[in-house]
Amino acid sequence: MIYLDHASATPVSDKVLRAMTPFMTDDFFNPSSAYLPAVRVRDAYENAKNSIANSIGAKGNDLVITSGATEANALAMTVVSKNGKILVLETEHASILENVKKYKFDIIKVDKNGLINLDDLKSKLSDEVELVSVSLANNELGTIQPLAEISRILKESRLDRLKRGITTQLLLHSDSSQGLALLELNIARLGVDLMTLNSAKICGPKGVGALYVGHDVRLTPLTSGGGQERGLRAGTENVAGVIGFATAIEAIRGHSSAARKKYTALVSILKKELEKAKIAPIFLGNAKHQLANFLPVSFPGLDAERLVFKLEEQEVYVSTGAACSASKGEPSHVLRAIGLTDTEIAGSLRLSLGVLNDEENVQQAGKIIRKVVDDEVRRIYG
Amino acid sequence: MAKTGVEQSAARVNNNKGKHPTVFLGMSGGVDSSVSAILLKEQGYNVVGVYMKNWSKDLPGMKCPWAEDLADAKRVATKLDMDFMVFDFEKEYKQKVVDYMLAEFKAGRTPNPDIMCNEEIKFKLFFEEATKRGADYIATGHYAKSEDGKLKLALDQNKDQTYFLYRISKDAVKKTLFPLAELKKPEVKELAKKHGLANAYKKESMGVCFVGDVGMKDFLREYIDITPGEIRELETEAVLGYHDGAIFYTIGQRHGLYVGGGLPYYVVKKDLEKNIVYVSKNLNAKDLWTKAITLDNIFIRDGSDFPKDGKIMVRLRHRAPLVPAIFEKNHVLFDEEIKTIAAGQSVVFYSGDTCLGGGIVKG
């Protein structure tokens with residue numbers, strides 16, 4: 001198997017699995033119970049949360065553990081008041097675009113590389129806007145957004161509001177599901193007030209995520225009950241999941257620069273191979289502003305879904321556009337937003353590298369993809 | 001037809017393949033149509049796979065699995081190096097099949113949407129569209145046989161699906177290939193396995209696609225105003241309980257009555273006007289049995305195939321055994337009493353292995 005779909009899912013590492021196991025067996029106790037073994041579980045849980053938080057320059061108490069990025073994104077939006085408005089990027093993941101429909105919202109445009117159009121953001125920052133949500137990196141293109149710059153713009157806007165005697169909040173939320181392993185994240189430096197973290201994309205277990213919640217940020221819980229997570233997310237803690245998440249995040253800490261270097265080299269091997277195909281590939285986005293492990297590519301005139309099935313026969317696994325939109329049978333809204341034609345969208349694959357890749361298998365995958373592309377070209381054009 | 005990314009490949013079909021007859025095969029993603037594709041390819045046809053996108057309602061908790069079925073169909077077509085298209089019949093399916101079904105239920109009858117789907121969609125719209133795009137034949141994975149323009153029983157009597165096909169047009173039958181006509185289901189499964197088709201072990205689809213997993217009752221509730229009413233015992237008029245909508249009950253039905261204890265009750269009669277469902281413990285209740293059924297909307301495939309004496313065999317539901325009967329005007333007469341079938345259901349006629357047509361039970 002050659003797996004080129006790390007933006008969809010990643011394998012839980014042995015280390016993570018080993019760290020989690022005891023909390024499902026021997027140390028199964030409910031961290032809210034009073035007796036000592038349970039208290040120890042509580043301690044382990046809090047330590048794990050601290051560890052996750054530390055990796056982005058925050059404290060354990062700033063985190064609300066969730067069932068994943070989708071829930072964290074939905075929870076972040078509860079910060080807006082009844083009349084408040086949310087601005088989101090047009091290329092956001094469905095978990096943002098669908099949840100935001102429950103509020104007043106507006107869409108910020110992107111340029112042809114998928115980068116936020118800052119002028120559009122500024123023009124839409126009316127006084128009723130309370131939250132701006134821009135993901136750290138796009139899940140189809142890997143485009144990295146200039147969060148620090150967005151944060152500066154929001155700060156200016158806040159100052160301007162204060163000058164005019166308006167005290168409505170204006171906060172920045174960012175979903176960092178993609179890019180957590182490749183970028184050094186620091187809450188203060190980025191200037192975000194809310195940040196979604198996702199365990200599943202960094203070799204941690206699925207079904208665990210977290211929302212970083214800055215001080216003075218007031219959320220409304222989505223579920224009520226036993227008061228866990230400072231009353232912001234009731235329900236018995238997913239101890240094993242959080243331990244796994246923490247172990248996974250510790251494993252990537254300090255390695256992002258090396259990882260970037262590794263994936264830049266692997267992506268260029270892959271690119272070289274694909275360029276030899278009978279149909280000229282279009283590499284999407286701008287590598288300068290892209291996660292190093294992403295290679296979105298279009299073979300215009302081909303049907304990417306057929307390529308996925310052909311590659312699957314040879315045990316090479318890739319995605320078309322985003323897995324989510326593909327399963328709904330709708331063309332990707334992200335690729336549409338960056339101005340691709342229907343033909344280009346239909347021929348688009350998303351290759352995303354990760355822990356399961358090395359020089360050898362990437363080289364081999366490149367050859368197999370090229371062959372499959374050539375076969376399809378032959379089938380269609382004779 | 002809306003042009004989506006999925007349909008992009010549709011534009012490129014039939015290039016340099018003129019030597020072989022072209023067959024458009026309806027593919028559902030299931031094992032039967034997948035194996036049909038293999039067989040047609042082996043027989044040397046230029047096979048184009050087509051997924052028919054029919055109407056589906058997409059509500060939370062109520063999802064027709066069409067996207068997965070489409071992916072399954074496309075995967076098989078791709079593996080077999082076939083061209084593949086999507087025909088979007090959502091609008092027509094809603095009008096011709098779903099609306100018909102809802103109207104029938106509202107009128108207190110029990111329609112068979114699969115029969116309507118074959119008549120109006122698969123062997124009409126699909127046939128027409130395929131022909132327009134250059135098909136010499138169409139094909140489906142039904143267990144049935146097309147021979148000399150006649151619709152005939154499949155070899156696998158247990159799987160034979162002519163009950164659902166009796167109303168399809170004669171023109172379509174002439175141009176239809178049923179690759180599974182001479183195969184038994186286990187052989188089909190074996191072939192699928194041999195060719196490494198991922199869906200060889202997939203559960204067979206049951207019931208109407210667009211209703212998905214939720215079942216007909218939940219589906220109908222979305223569209224039809226339901227008034228609760230009494231359940232009475234036929235013989236005594238005693239109120240035994242209450243129902244949540246008379247349309248949900250079918251004559252002869254035994255399950256789903258909210259009356260417990262003792263022998264099971266059977267639905268024997270519905271009074272839609274008074275909104276009363278009548279039940280009986282008596283399996284011999286006269287409303288449950290009959291020697292004659294009156295039909296509506298009779299469709300005769302070819303009158304010359306009819307035995308002069310009117311003696312035919314009939315099938316009263318899919319996979320039910322054939323029973324002897326006499327067809328006279330719009331009545332089907334039986335020697336012995338048979339269990340009644342609900343109004344709206346179909347009675348299908350046969351002579352030997354030829355399907356003669358059929359009709360819909362009046363009521």
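Student: Which residue in E4(A) is the bridge partner of A:Val88?

Tutor: A:Ile107. Keep in mind that this is a predicted model: local features need pLDDT of at least 70, side-chain atom pairs count only at pLDDT 80 or more, and totals for chains, interfaces and linings use all residues. Residues are numbered from 1 along each chain as its sequence is written, while chains are lettered from A and ligands numbered from 1 in the order in which they are written.

Student: In what sense do E3 and E4 of chain A pair?

Tutor: Parallel, over 5 bridges, with E3(A) covering residues 85-89. Two strands pair if DSSP finds at least two bridges between them. Strands (E, at least two residues) and helices (H or I, at least four) are DSSP runs, numbered from the N terminus.

Student: What's the strand order in that sheet?

Tutor: E2-E8-E7-E6-E5-E3-E4, an open sheet of 7 strands with mixed pairing. E2(A) (63-66) and E4(A) (104-108) are the edges; each has a single partner strand, so one side of each lacks a neighbour in the sheet. Strand-to-strand twist averages 20°. Angles run from 0 to 180 degrees between N-to-C directions, and axes are lines fitted to C-alpha atoms, for helices over the stretch in contact.

Student: Which strands does H6(A) touch?

Tutor: E5 (129-133) and E6 (171-175) of chain A. Contact means C-beta atoms, placed from the backbone, within 7 Å. Helix H6(A), residues 147-163, makes about 160° with E6(A).

Student: Switching to chain B. How many strands are in its open sheet?

Tutor: 5, in the order E5-E2-E1-E6-E9, with parallel pairing. E1(B) (22-26) and E2(B) (46-53) are joined by 5 bridges. There, B:Gly26 stands opposite B:Val50.

Student: Which strands does H1(B) lie across?

Tutor: E1, E2, E6 (137-139) and E9 of chain B. Helix H1(B), residues 31-42, runs at about 170° to E1(B).

Student: And how do H3(B) and H4(B) pack?

Tutor: At about 160°, with axes 9 Å apart. That makes the two helices roughly antiparallel. The scale: under 35 degrees is roughly parallel, over 145 roughly antiparallel, 65 to 115 roughly perpendicular, the rest oblique.

Student: What residues meet there?

Tutor: From H3(B), they include B:Tyr93, B:Val97 and B:Met101. From H4(B), B:Met116, B:Ile121 and B:Leu125 are among them. The contact divides into 9 nonpolar, no polar and 3 charged residues. Ala, Val, Leu, Ile, Met, Phe, Trp, Tyr, Cys and Pro count as nonpolar, Asp, Glu, Lys and Arg as charged, and the others, Gly among them, as polar.

Notes: Contact = placed C-beta atoms within 7 Å.
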